[in-house]
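Here's a quick look at one protein model, with a few residues picked out along the way. Have the sequence and the 3D view open as you read.

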Amino acid sequence: MQPFTAIIITLNEAANIGRCLEALMPLADEVIVVDSFSEDDTVHIAKSLGATVHQRSFSGYADQKNHAQQLASNDWVLSIDADEVPDQTLQQALREFAPTEGQLGFYLHRRNQYCGKWIRYGDWRKDRQLRLYDRRQAGWKGDFVHERVSLPPDHPEPKTLPGFLRHYTVISRADHLARARKYALLAAEEKYTQGKKAPIWKAPLSAAWKFTSAYLFKGGFLDGRAGFQLAWISAKGAYWRYQALARKWKT
């Protein structure tokens, strides 16, 4: 088995962190939590379950995760969110994890729970994340949102471990709307700093396409009310993103 360090960045995750750490502690040789000065019991819960906790002001998702991986004692790192839990199959795969020579990373599949319902279709139907990697040759990129692990050019294609990360994500419609607006504004800021522009008509057009794609083409309607709500709020997020970007160029 290859020893690895699990890293988690947190802010007010008291409702989730315990469930995550209870699954991780028997698997990882080390668990490091980098907390952005939570105002709830996140830090207390993490310490009580055996994690090493560092507090640091939030500096962006990618930068915060890069800082966390620098604190790791092991070369291999598993980056996991506080609202994610490996299922039994993935837990076993992590226990037996042994990369071959030249292997730099592994994908993990996620199953997403939305307001108490496990989603099977729509934009969330196929969710694969590169989360287990050799920190000596990989790191996080992304200034605002959509951070991702970046591997060196010409790296071997990462393999996928069996099992799933169970992702206990949005708990309410209000929570989803707040997140969608937050990430839309961050995405607009990212595009603006990259010099990208968007005409005002792109906002409604993008929203319409987003809803149609998620709800009809990707089968979101098969998830019932949850599928409709996911597609609708995703469309609103697309609208907010391009509306905010267009407004930035007018100011």
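Predicted model: local features only at pLDDT ≥ 70, side-chain atom pairs only at ≥ 80, totals over all residues.

Let's start on the outside. Trp 209, Leu 216, Phe 217, Phe 221 and Leu 222 together make a nonpolar surface patch of about 580 Å². One of these, Phe 217, sits in helix α6, which spans residues 202-217. Phe 217 counts as exposed because its relative accessibility is 58%, and the cut-off for that label is over 50%.

Now for the inside. Leu 24 belongs to helix α1, residues 17-24. With a relative accessible area of 0%, Leu 24 is buried. What does Leu 24 touch, not counting residues up to four places away in sequence? Its contacts are Ala 6, Ile 8, Val 31, Leu 78 and Ile 80.

On to the cysteines. How many disulfides are there? The count comes to zero, going by a cut-off of 2.5 Å between cysteine sulfur atoms. Cys 20 is buried, at 0% relative accessibility, whereas Cys 115 is partly exposed, at 36%.

Here are the accessibility values side by side:

| Residue | Relative accessibility | Class |
|---|---|---|
| Phe 217 | 58% | exposed |
| Cys 115 | 36% | partly exposed |
| Cys 20 | 0% | buried |
| Leu 24 | 0% | buried |

Technical notes
Residues numbered from 1 in each chain as written. Heavy atoms only, no water. Patch = residues over 30% accessible without salt bridge, like charges linked within 9 Å, V, L, I, M, F, W, Y side chains within 5 Å. Areas by Shrake-Rupley, 256 points an atom, 1.4 Å probe, with all protein chains shown as cover. Salt bridge = Lys/Arg side-chain N within 4 Å of Asp/Glu carboxyl O. Helix = DSSP H or I, 4+ residues; strand = E, 2+ residues; numbered from the N terminus. Buried < 20%, exposed > 50% of the residue type's maximum accessible area, 1.4 Å probe, protein only. Contact = heavy atoms within 4.5 Å.
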